[in-house]
Amino acid sequence: MGGAYTGVAEGVDGVTSNVAAPGVRAPFSSHHVDYDLTASIYLPGVFASTDFENRGSLPPAQQTSSASNFVYGNAGLALQVGPFASALTLDATSYTLVTKDSTLNFRVLRAHAIVAWAFLHHQLVVGVGAVGVTMNLSSSAIPLAPPSGVGPEIGALLKLDDEPWRVGVSARAPVYGGVSGVAAAGTILPSSIVLPGEIEIGFALQLGPRPLNPRWIDPSDELEPLRRRIELERLDRSLHEATELAVIPEGALRERRRRELDGTERAIRRIEDARMDAEEKRLHTEYDARYANWPRPKLLVVADAVITAPVDKAVAVSSFIDQKSESYGRSWTVSPRLGLEGEPFPDRFRLRFGSYLEPSLFDGGSARQHFTFGGDLKLFTWDVFGILSPTTFQVSFATDLAPRYSNWGLSLGVWR
């Protein structure tokens, strides 16, 4: 959807768009304690064959340096406990830089550590955290070093119950990470790697009968009246037991009666625990059924603006590959983004379109328009040899096209 996700911000994958994302409860979440996982790997091909950084032209066929063996991977975990959430995500880029005199292995690692809290019955979610980055250059493929530069980030999402819209905002301070490794002969290394400061503002509007912001009620809150009633009944029995035992003289008769009462209490507690488990299971089944029975037709419209701060004395990755000092990223830029998502074949196929304007960070460069599209196709339900509960899988595709640039992806996920 053109990268416009700040105003939707759900799941661990949303961390890079909005720091509040880990704390946003998805409509299908039916547990007090929930989690989200992500892992992926991309092989984008040869960097030198595309104008990856919008320089304005393709790299020359004959150049003194080149990059190859590009690999990008990411992984993340988010844990939600009631209104609290935390998340950790890692993404790494790796490629080989070949110059006239040497070969270097280029590694970049970025990490996000986030905590978030939901206020106003999950209608306002605020997240804070830290983002770190580091870069390593070596003549051998050594492991990545931990982030050497760290900066703060913060985000928020407003999603009022039963309203068809959301508003999100996220901001990150500039992060300056160190560069480790030994310079090869004839290679000039940068002094640091920089994530520029960013502000992202997003809006989402969902048309059609499918709700965007259904009220989320913590199952633990719904179980609380039953839990309190059971606790009071246990306290009452304990007082009656103490009163009864108090009038029995010390000795074998009192000990025998105490054991009888303890056995009766254990039996009653097993029944009460089973009652709690059954009620909790009933609530989860009710939540799942409610989600499954919502109408499917919708049209989700999302719009973002990504504002990027300048960086003094910056050099683009492509300039580093070419070992050239070129002005780069020295002014403020704004990237507007727009996306649409619908379900033309309800409960079978979702379709997305989007577009975004990519500013050129080179002096004198021109912005270029990207067009994106993708979708999800529902496949089959499987319990993975009994490891998982029955899960419905989907296959997804995504494409990003622009002058002198193309990218595509294919993935396997869970249909919701």
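When I call a residue buried this morning, I mean that its relative accessible area is under 20%, and partly exposed will refer to residues between that value and 50%. Please keep in mind throughout that what we are looking at is a predicted model.

Let me begin with helix α1, which runs over residues 219-246 and so has 28 residues. From its first C-alpha to its last the helix reaches 40 Å, close to the 40 Å expected at 1.5 Å a residue, although there is a kink of about 35° in α1, centred on Pro 225. At the start of this helix, a side-chain oxygen of Asp 218 comes to within 2.9 Å of the backbone nitrogen of Ser 220. The buried residues of α1 are Pro 219, Ser 220, Leu 223, Leu 226, Ile 230, Arg 234, Glu 241 and Leu 245, and what these buried residues pack against is α2, residues 252-292.

Why does Arg 234 count as buried? Its relative accessibility is 19%, and because the cut-off for buried is under 20%, Arg 234 falls on the buried side. Leaving aside residues up to four places away in sequence, Arg 234 touches Glu 265, Arg 269, Glu 272 and Asp 273. With Glu 272 there is also a polar contact, side chain to side chain, at 2.7 Å, while the C-alpha atoms of Arg 234 and Glu 272 are separated by 9.8 Å and the two residues lie 38 residues apart along the chain.

Now to the aromatic residues, where the structure holds 7 aromatic pairs. In one of them, the ring centres of Tyr 291 and Trp 294 are 5.4 Å apart and the planes stand at 70°, so this pair is edge-to-face. Tyr 291 and Trp 294 are both buried, and together with Phe 28 they form one aromatic cluster.

A second pair is made by Phe 373 and Phe 397, whose ring centres are 6.4 Å apart with planes at 70°, so that this pair, too, is edge-to-face. This pair links distant parts of the chain, since Phe 373 belongs to strand β14 (residues 368-382) and Phe 397 to strand β15 (residues 391-402), 24 residues apart.

The charged end of Arg 416 sits over the ring of Phe 28, 4.0 Å from its centre, and Phe 28 is the residue that forms the cluster with Tyr 291 and Trp 294. The charged end of Arg 350, in turn, sits over the ring of Trp 415, at 4.1 Å from the ring centre.

Arg 296 is buried, because its relative accessible area is 13%. A polar atom of the Arg 296 side chain lies 3.0 Å from the backbone oxygen of Arg 416. Again not counting residues up to four places away in sequence, Arg 296 touches Arg 210, Glu 343, Pro 346, Asp 347, Arg 350, Trp 415 and Arg 416.

Methods: Residues numbered from 1 in each chain as written. Predicted model: local features only at pLDDT ≥ 70, side-chain atom pairs only at ≥ 80, totals over all residues. Heavy atoms only, no water. Helix = DSSP H or I, 4+ residues; strand = E, 2+ residues; numbered from the N terminus. Expected span 1.5 Å × (residues − 1). Bend = angle between axes of the 7 residues up to and from the residue. Buried < 20%, exposed > 50% of the residue type's maximum accessible area, 1.4 Å probe, protein only. Contact = heavy atoms within 4.5 Å. Polar contact = N/O pair within 3.5 Å; in protein donor to acceptor, adjacent residues only side chain to side chain. Phe/Tyr/Trp six-rings, centres within 6.5 Å; stacked < 30°, edge-to-face > 60°. Lys NZ or Arg CZ within 6 Å of the ring centre and 35° of its normal.
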